[in-house]
Amino acid sequence: PMAVSFLASGVIFRLVYEQDPSMGVANAVVTSVHDTFDGGSRYPGASVRDGDKSPDVAQGGAVVSRAQVQTGQSALLPLVGVKPENLPKKPTPAKAPQAAAGGIAGLVWFDFTKGGGGTLNAPDPTEAGLGGMKVQAVSSAGKVVGSATTEKDGSFVIKKLPAGSYTLKLPKGNFTAAYGGVDWLGSALITPAIIASYLWVWA
């Protein structure tokens, strides 16, 4: 049991219990299992532009269209506040959506032109589409009747919707920060964590 010194064991388990999942072995395992069932957001912190002119509005952590959209129409859902590191290295330019018969087409994109300029609430050639966003069509009764995931250019089509008007919703899960693992050395878990490392040393 004394082949491994307490100093060496301390160094080993400090790395095992490291909070950062890219360094800590325990949190790497925990986050891998968690993301298998509930993947993290690709755009944490993204939000809508303040002001009444924006076609979408924040609501309880989600983003919804300000006006209802009828089947056969298209909708624009611009976002701001996307961190540069969360955008693809080679972003796909956003393109204005075309109406879809029997459904609702739309676009979710980063409404920001580097260096200034650009048209407010309209996709410009240099602005990036936000792929991988989940979009829902919500009826007036509050029921989700259809959903879609945006393509690389931010476009989406929610197909086979009953005729009527719907609110488009980007659920809260699109914007929540990725799961960061467990704080093993925090006040709640430090005692069992130290016990586990001590048992390993003497096992």
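Author: Let us begin with a term: contact means heavy atoms within 4.5 Å. Please note also that this model is predicted. Among what covers the buried residues of helix H3 is helix H1 (6–16).

Reader: Which residues of H3 are buried?

Author: A residue counts as buried when its relative accessible area is under 20%. In H3, this applies to Ala 193, Ser 197 and Val 201.

Reader: Why do they lie on the same side of H3?

Author: The general idea is that an α-helix has 3.6 residues a turn, so residues three or four places apart point the same way. In this case, Ala 193, Ser 197 and Val 201 are the buried residues of H3. They cover an arc of only 75 degrees around the axis, and therefore they sit on the same side of H3. On the face turned away from that buried side are the exposed residues Thr 191 and Leu 199.

Reader: What span does H3 reach from its first C-alpha to its last?

Author: H3 (residues 190–202) has 13 residues and reaches 19 Å, close to the 18 Å expected at 1.5 Å a residue.

Reader: Let us turn to a strand. Which residues of S5 point one way, and which the other way?

Author: Ile 104, Gly 106, Val 108 and Phe 110 point one way, while Ala 105, Leu 107 and Trp 109 point the other way; all are buried.

Reader: Which strands does S5 pair with, and in what sense?

Author: S5 pairs with strand S4 (residues 74–79) in the parallel sense over six bridges, and Val 108 is the bridge partner of Leu 77. With strand S8 (residues 155–158), S5 runs antiparallel, joined by four bridges; there Ile 104 stands opposite Ile 158.

Technical notes. Residues numbered from 1 in each chain as written. Predicted model: local features only at pLDDT ≥ 70, side-chain atom pairs only at ≥ 80, totals over all residues. Heavy atoms only, no water. Buried < 20%, exposed > 50% of the residue type's maximum accessible area, 1.4 Å probe, protein only. Helix = DSSP H or I, 4+ residues; strand = E, 2+ residues; numbered from the N terminus. Pairing = 2+ DSSP bridges. Expected span 1.5 Å × (residues − 1). Arc of directions from axis to C-beta.
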